Amino acid sequence: MKPPPPVTSDASEAVTPESLRKEYEAGATVDELVAASGLSYGTVLNRLHDAGTVMRTSWQTRRMRQDPEARRRLAAHLRTLYEQHGATLTELAAGAGETRRAARRLLIEAGGTVRTTQQTLRMRAAGRAAERHKLALSLRARYEAGASVPELAEDCNYSVATVYRLLHQAKTRMRPQHRHGPPHDEDKRP
């Protein structure tokens, strides 16, 4: 008498032989399928065989994955994001579907130089400062055209104090404040 089959989790049953075959034929390796599915190496192989998958050799997989032009385009795109937009290696890896190490390798292949964390922080701070300066100049132009500080604060979704600070940074000449309450004693002159 045969022992009953082992109890499997719902997650392993959700990974069908057909879905594994589809990913394998798209270029995934057996090791990658094992890592992604959480199944054992033997289970993945058995399910691929059950689906009638034609297996590749390792050199066939490497050749399949090598598209030099696509790799060059990806590397150039990652370099642009890294150098001009201040992206981190982690962000590049997430965007390219790669590991940090692979993203770093692509960046170097494209002629990029890897920054330190401090350099990245300084670069991002400079970018934020430039945007803030641009906003300050825009607020100054609108203020000088007649808009009030409360109106600017409402339009930009900033506090009045922040708008005043930005106007000050843009070296805006402020209009005199209006007094809307009753006249003060020193304002009464005979």
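At roughly what angle do the axes of helix α6 and helix α7 cross? The legends below treat this crossing and other close-ups of a predicted model.

**Figure 1. Crossing of helices α6 and α7 in the predicted model.** Helix α6 spans residues 68-84 and helix α7 spans residues 89-96. Their axes come within 10 Å and cross at roughly 140 degrees. An angle over 145 degrees would count as roughly antiparallel; α6 and α7 are therefore oblique to each other. The crossing is right-handed. On the α6 side the contact is made by Leu74, Leu78, Leu81 and Tyr82, and on the α7 side by Leu89, Leu92 and Ala96. By class, the residues of this contact are 7 nonpolar, no polar and no charged.

**Figure 2. Packing of helix α2 against helix α4.** The axes of α2 (residues 17-25) and α4 (residues 41-50) are 8 Å apart, and the two helices pack at an angle of about 90 degrees. Angles of 65 to 115 degrees count as roughly perpendicular, so α2 is roughly perpendicular to α4. Helix α2 contributes Pro17, Leu20, Arg21 and Tyr24, which meet Val44, Arg47 and Leu48 of α4. The contact of α2 with α4 divides into 5 nonpolar, no polar and 2 charged residues.

Figure 3. Thr113 has a relative accessible area of 59%. Exposed means over 50%, so Thr113 is exposed. Not counting residues up to four places away in sequence, Thr113 touches Tyr82, Glu83 and Leu107. Thr113 and Glu83 are 30 residues apart along the chain, and their C-alpha atoms are separated by 8.7 Å. Tyr82 is also one of the α6 residues in the contact with α7.

Figure 4. The relative accessible area of Ala170 is 5%. Buried means under 20%, so Ala170 is buried. Leaving aside neighbours within four places in sequence, Ala170 is in contact with Ala136, Leu137 and Arg140. Ala170 and Leu139 are 31 residues apart in sequence, with a C-alpha to C-alpha distance of 8.5 Å.

Note on methods
Residues are numbered from 1 along each chain as its sequence is written. This is a predicted model: local features need pLDDT of at least 70, side-chain atom pairs count only at pLDDT 80 or more; totals for chains, interfaces and linings use all residues. Side-chain values use heavy atoms; hydrogens and water are left out. Axes are lines fitted to C-alpha atoms, for helices over the stretch in contact, and angles run from 0 to 180 degrees between N-to-C directions. Helices (H or I, at least four residues) and strands (E, at least two) are DSSP runs, numbered from the N terminus. Angles under 35 degrees count as roughly parallel, over 145 as roughly antiparallel, 65 to 115 as roughly perpendicular and the rest as oblique. A crossing is left-handed if the near helix is turned anticlockwise from the far one by less than a right angle, and right-handed if clockwise. Contact means heavy atoms within 4.5 Å. Ala, Val, Leu, Ile, Met, Phe, Trp, Tyr, Cys and Pro count as nonpolar, Asp, Glu, Lys and Arg as charged, and the others, Gly among them, as polar. Buried means under 20% relative accessible area, exposed over 50%, partly exposed in between (1.4 Å probe, protein chains only).
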